[in-house]
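The following paragraphs go through a structure step by step, starting from a single side chain and ending at a ligand.

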Amino acid sequence: MRRVRQPKKSSRPPLRLRMVVLGVQGSGKGTQAELVARRFGLAHISTGEIFRREISRRTALGRRAERYLMAGKLVPDAVTNAIVGKHLRFGRARTHGFVLDGYPRNRAQLTALERATPVTHAIQILLPDRVAVQRISGRLNCACGLSYHVQYHPPRRRGICDRCGRKLFVRDDDQPATIRKRIRIYHRQTAPLLAYYRKRGVLLQVDGRPAIAAVFRRVLTQLRRSMATP
Ligand code: ADP
Ligand code: ZN
């Protein structure tokens, strides 16, 4: 029997699930992205986390990104697109797929992503701004990337990460004025991307108000439903 020749390797990675999670700051998109990634064995790529890690390591990228994060502004697209592109081409993202969290955040980023590797699902976590601000005000973070909330999602030991045991901290950009600015940018620049994903037929919407586990169950239900219908 003749072996069929393998087609030439395409530059696009052979991914199965390629998702983005969208939602206003505090909607729980990072938490849901992490849960979805773990459930399906995908890479969880959070641009905010990448930037914070680079800043704490004082790398060249970190030094470039720092002032934007502190001001609640978007890091320039050229920088962000390059770093995300790099993460998509390696490791689990390449072999199994990915969940993007915090990207794309505007038109230019959406275009870059669609060119690199179009997503199979866009999950929007819905939450009113008022609730979002309340939630961010109680947010606690860990250097390992997990986040908690003093009231809604407290760690088992006060101030200590369940996963890695490190001390939790409040993000510098989680100050009220900066939070409001980030939410404004979300409505102006990120929310318009939802219409695009809806038109492409990949948008799933989930109410972000219930508890974390309940939101996750709904995310899974929606995902299963979308996978059953081609
Ligand atoms: P939040 O969604 O609560 O704003 P993130 O951790 O996603 O938190 O982002 C924190 C900060 O990192 C943003 O305010 C911005 O400065 C920077 N950042 C994250 N993602 C992007 C992106 N896609 N483009 C530009 N800047 C970004
Ligand atoms: Zn941790």
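The side chain of threonine 221 reaches the backbone oxygen of arginine 217 at 2.8 Å; a polar contact here is a pair of N or O atoms within 3.5 Å, where within protein one must be able to donate a hydrogen and the other to accept it, and residues adjacent in sequence count only if both atoms are side-chain atoms. This is a predicted model, in which local features need pLDDT of at least 70 and side-chain atom pairs count only at pLDDT 80 or more, while totals for chains, interfaces and linings use all residues; side-chain values use heavy atoms, without hydrogens and water. Residues are numbered from 1 along each chain as its sequence is written, with chains lettered from A and ligands numbered from 1 in the order in which they are written.

Threonine 221 belongs to helix H10; helices (H or I, at least four residues) and strands (E, at least two) are DSSP runs, numbered from the N terminus. Threonine 221 counts as partly exposed because its relative accessibility is 36%, between the limits for buried (under 20%) and exposed (over 50%), with a 1.4 Å probe and protein chains only. From valine 206 it is separated by 15 residues in sequence and by 9.9 Å in space, C-alpha to C-alpha.

Helix H10 (residues 212-228) lies across E1, strand E4 (121-126) and E7, and runs at about 155° to E7. Contact means heavy atoms within 4.5 Å, and angles, from 0 to 180 degrees, are taken between the N-to-C directions of lines fitted to C-alpha atoms, for helices over the stretch in contact.

These strands are part of an open sheet of five, in the order E2-E3-E1-E4-E7, with parallel pairing; two strands pair if DSSP finds at least two bridges between them. Strand E2 (43-46) and strand E7 (203-207) are the edges, each pairing on one side only. From one strand to the next the twist averages 20°. Five bridges join strand E1 (residues 17-23) to strand E3 (residues 97-101) in the parallel sense, and methionine 19 has valine 99 in E3 as its bridge partner.

What lies around ligand 1? Its surroundings comprise 20 residues, the closest being Thr47, Lys73, Gly102, Gln109 and Arg182, where near means a heavy atom within 4 Å. Oxygen atoms of ligand 1 lie 2.5 Å from a backbone N or O atom of lysine 73, 3.0 Å from a side-chain N or O atom of arginine 105 and 2.8 Å from a polar side-chain atom of arginine 182. The protein buries 98% of the 540 Å² that ligand 1 exposes when taken alone, by the Shrake-Rupley method with a 1.4 Å probe. Helix H2 (47-56) and helix H3 (60-71) are the elements that give two or more residues to the shell, and H2 gives the most, with four.
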